Amino acid sequence: MHATDSPSAAAHWDRSLNALVLIVEDEPEIADIVAAYLHREGLRTVRALDGIGALALHRSARPDLILLDVQMPGMDGWTVLNTVRQRGDTPVIMLTALDQDLDKLTALRMGADDYVVKPFNPAEVAARVRAVLRRTLNARGPAKPGILRVGRLVIDPETHAVHVEGDGYSHELLLTLTEYKLLHCMALAPSRIFSRSELMHECLPESEALERTVDSHVSKLRRKLDDVGLGNVPASVRGVGYRLAADH
């Protein structure tokens, strides 16, 4: 059975929708503002305060794009960019207070996809992020979402169908739209811990409900999964939020 609210039919699937952006910024206030504008664009975010944390999250969370501050304590943005480029082609937009042509050229020569000078308009940053994501993600393949498989869970983003598979059987779940959104959001990064606030932004963006409302939806989702043999999914991380266990 499918989610009770069917998705709207779109002529083309935009792969940049619900993309994950890693914000690397040592000033929490700036990171908060940028994250808020990215959430308005329908994007997910994860944050790092320094270069070491950024590289760890780049490997574990596999973001679709990195917003990278140049001037940070310890490992600077240039070093992070160089390491990211050695690993692959994750798009990177540099954030810096240095308005020098040499720095801009250095960033581009090292493989940055764009360059934004502080102080910046957060709406412009969000627009640049969306533009780079559309260019890089949508160019990777045909415009159709793929099936998500996390352990025994099988999620079809196109039809909102969710199955739990086992030896010789496949159970189809009846989920509300909010339950489906929660599950799909966590399935995109099953090992990552999502806060209640983050899940509210992703799954109930227009709601004025309290963050604790997420607990109620997760509880109902967990009961439905438990009924078909997936216990403690999603898993609670005390004092932090929820993570989709992938070891079933």
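# Reading burial and contacts in a predicted model

Me: R149 counts as exposed, at 58% relative accessibility. What do "buried" and "exposed" mean as cut-offs?

Reply: Buried is under 20% relative accessible area, exposed is over 50%, and partly exposed lies in between (1.4 Å probe, protein chains only). This is a predicted model, where local features need pLDDT of at least 70, side-chain atom pairs count only at pLDDT 80 or more, and totals for chains, interfaces and linings use all residues. Residues are numbered from 1 along each chain as its sequence is written, and side-chain values use heavy atoms, with hydrogens and water left out.

Me: What share of the protein chain counts as buried?

Reply: 46% of its 248 residues. The chain exposes about 12600 Å², with 51% of that supplied by carbon and sulfur atoms (Shrake-Rupley method, 1.4 Å probe; for residues, only the protein chains shown count as cover).

Me: How many helices and strands does the secondary structure come to?

Reply: Eight helices and twelve strands. Both are DSSP runs, numbered from the N terminus: helices are H or I with at least four residues, strands are E with at least two.

Me: What reaches the backbone nitrogen of W78 at the start of α3?

Reply: A side-chain oxygen of D76, to within 3.2 Å.

Me: Now charges. How many salt bridges does a search of the whole structure find?

Reply: Side chains of opposite charge can pair when their charged atoms come close. The cut-off here is a side-chain nitrogen of Lys or Arg within 4 Å of a carboxyl oxygen of Asp or Glu. The search finds twelve. One of them joins the side chains of E25 and K118, at 2.9 Å from N to O. E25 lies in the loop between β1 (20-24) and α1 (28-40), and K118 in the loop between β5 (114-117) and α5 (122-137), so the pair ties together parts 93 residues apart in sequence.

Me: Are E25 and K118 buried or exposed?

Reply: E25 is buried, at 1% relative accessible area. K118 is buried too, at 17%.

Me: Which side chain meets R149 in a salt bridge?

Reply: That of E165, at 3.5 Å from N to O. The pair links distant parts of the chain: R149 is in strand β6 (residues 148-150) and E165 in strand β8 (residues 161-166), 16 residues apart. E165 counts as partly exposed, at 32%.

Me: And which side chain meets R196 in a salt bridge?

Reply: That of D215, at 2.7 Å from N to O. R196 lies in helix α7 (residues 196-203) and D215 in helix α8 (residues 213-227), so this bridge ties together parts 19 residues apart in sequence. R196 is partly exposed at 21%, while D215 counts as buried at 17%.

Me: Next, rings. Where does the charged end of R40 sit?

Reply: A charge sits over a ring if NZ of Lys or CZ of Arg is within 6 Å of the ring centre and within 35 degrees of the ring normal. The charged end of R40 sits over the ring of Y37, 4.7 Å from its centre. The charged end of R192 sits over the ring of F194, at 4.2 Å.

Me: Last, contacts. What does T45 touch?

Reply: Contact means heavy atoms within 4.5 Å. T45 is in strand β2 (residues 44-48) and is buried, at 6% relative accessible area. Residues up to four places away in sequence are not counted; T45 then touches L20, V21, I23, A35, L38, H39, R192 and E198. The side chains of T45 and H39 are also joined by a polar contact of 3.0 Å. A polar contact is a pair of N or O atoms within 3.5 Å; within protein, one must be able to donate a hydrogen and the other to accept it, and residues adjacent in sequence count only if both atoms are side-chain atoms.

Me: Where is E198, and what does it touch?

Reply: E198 is in helix α7. E198 is buried, at 10%. Not counting residues up to four places away in sequence, E198 touches T45, R192 and I193.
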